[in-house]
Amino acid sequence: MEAKGKVTLNYGPDKNLDLPTYGGSIGPDVFDIRALYGKTGMFTYDPGFMSTASCQSRITYIDGDKGVLLYRGYPIEQLAVHCDFLEVCYLLLNGELPKKAEKEKFDWTVTRHTMVHEQLARLFQGFRRDSHPMAVMVGVVGALSAFYHDSLDINNPEHREISAFRLIAKLPTIVAMAYKYNMGQPFIYPKNDLGYTANFMRMMFAVPAEDYVVNDVLVRALDRIFILHADHEQNASTSTVRLAGSSGANPFACIAAGIACLWGPAHGGANEAALQMLMDIERDGGVAKVGEFIKKAKDKNSGVKLMGFGHRVYKNYDPRAKLMQETTREVLDALGLHNDPLLKLAMALEKIALEDEYFVSRKLYPNVDFYSGIVQRALGIPTSMFTCIFSLARTAGWIAQWNEMISDPEQKIGRPRQLYVGPTQRDVVPIAKRI
Ligand code: ACO
């Protein structure tokens, strides 16, 4: 990479260090601090990586101030309208949208990997039926590396490719199995004449006594949810996947690590919380209580937040939230639920919040989670499965980011340092003499 300029760091009397700056194709420049410790004996301090670019990437770009999200340069609004999820997976993995024949081949290959090893199905029996499905997901996805040893050589591009196919193809099967196991229903095998998302819905909702009739509007809605969640730059779970992978760990283990991180309520669990909030307000009086709720959300001592509002990166309308609002209407119309009280409530909350000085001055706008819970609930997906759906979709981004990291010549094992504030060196007193 060629330096664009330099910044000069003054770190003491007559102590200056020039650090090269680099420009990306869009977005903020960076200055390169790799030489810092060697030259100054000092580290940088950045908990939460608020000002740290951990890698170069060509996959996803976010401009949080303008509300822009691009996958490989394409705006999310256009991808959501013109592409299906597997097209987006192809784009994330390969950098370009597929031509027709490439797309057919990609779909065919993914479809041929949808089944899981029969022994893996038996692994589920080891879990309690009432386990949280994300606990099952962490275990089962991690176990994939015990079943597919033939694709674990991370330095072999063919192995990496087949692992990517396996992960993208098998995640819907595993998510549906986690649901069926929890429900006490038999697993439904994939059916290869269905598309990716229709197949997933059938594995979720069909029972041996009654087949599942595919509703194209609902399939399209879920497919859009997958597209909107497919990647989101260097977020916590993606950084977890990269960090786990930086040691040379296999991709199945790395994706399991990503799933574990996504499970946290500050990351993947927010749509569940947003839906719960809407249901609570509805139970307490619905639209008439919106004003009262907003008042509480503005009061720091109440411990109440307007869930589904605000975002660490977006300080403008999350572009995914607009698309999700559109999808919510389509789904509720298709199901004859035009008067869904939760949608009315969500829209009333959104309207008031967008006009309220508290939310406006803090740049708090609806995020993708504000509406996605309503859609998933209407599709018949229980709240405990929301994060599993997220992990299914994000697997595409995780594996693309993992692949990019492995192919990066500048890649090194991730090894942050620290500001040590513990005791300085001291001697051990034998236990008999400790008072
Ligand atoms: N409701 C009420 N007040 C809020 C909210 C909210 N949802 N979000 C932020 N604020 C307030 C904060 O209290 C703070 O006020 P102050 O400046 O007077 O102290 C100010 O807005 C800035 O908030 P921060 O927490 O500093 O913003 P940050 O960028 O760190 O947090 C976060 C972003 C965690 C998403 C936050 O907005 C939040 O908790 N939102 C609700 C949960 C949610 O919807 N999360 C989903 C994120 S999207 C995703 O993960 C896919």
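The paragraphs below lead through the aromatic pairs, the ligand site and some loop residues of a predicted model.

Because the model is predicted, local features need pLDDT of at least 70 and side-chain atom pairs count only at pLDDT 80 or more, while totals for chains, interfaces and linings use all residues. Residues are numbered from 1 along each chain as its sequence is written, and side-chain values use heavy atoms, with hydrogens and water left out.

Rings of Phe, Tyr and Trp (its six-membered ring) are taken as a pair if their centres lie within 6.5 Å, and the planes count as stacked under 30 degrees apart, as edge-to-face over 60 and as tilted for the rest. By this rule there are 17 aromatic pairs. In one of them, the ring centres of F124 and F187 are 5.2 Å apart and the planes stand at 65°, so this pair is edge-to-face. F124 lies in the loop between helix 5 (118-123) and helix 6 (133-147), and F187 in the loop between helix 7 (157-183) and helix 8 (196-205), so the pair ties together parts that are 63 residues apart in sequence. Helices here are DSSP runs of H or I with at least four residues, strands are runs of E with at least two, and both are numbered from the N terminus. With buried meaning under 20% relative accessible area, exposed over 50% and partly exposed in between (1.4 Å probe, protein chains only), F124 counts as buried at 0%, whereas F187 counts as partly exposed at 22%.

Another edge-to-face pair is formed by Y179 and F205, with 6.3 Å from centre to centre and 75° between the planes. This pair links distant parts of the chain, since Y179 belongs to helix 7 and F205 to helix 8, 26 residues apart. Y179 is buried at 9% relative accessibility, while F205 is partly exposed at 22%.

Turning to the ligand, 18 residues surround it, and the closest are K300, K305, L306, G308 and F309; a residue is near the ligand if one of its heavy atoms lies within 4 Å of it. F309 also belongs to an aromatic cluster together with Y358, F359, F370 and Y371. On its own the ligand has 920 Å² of accessible area, of which the protein covers 70%, as given by the Shrake-Rupley method with a 1.4 Å probe.

Several loop residues complete the picture. D340, in the loop between helix 14 (319-334) and helix 15 (341-355), is buried, with a relative accessible area of 9%, and its side chain reaches the backbone nitrogen of L343 at 3.0 Å. I188, in the loop between helix 7 and helix 8, counts as buried at 12% relative accessibility.

Most residues other than glycine have a negative phi. In contrast, phi is positive for R72, near 50°, in the loop between strand 5 (68-71) and strand 6 (74-75). Phi is also positive for E233, near 60°, which is placed in the loop between helix 9 (216-229) and helix 10 (236-245) and counts as partly exposed at 28% relative accessibility.

Note on methods
Polar contact = N/O pair within 3.5 Å; in protein donor to acceptor, adjacent residues only side chain to side chain.
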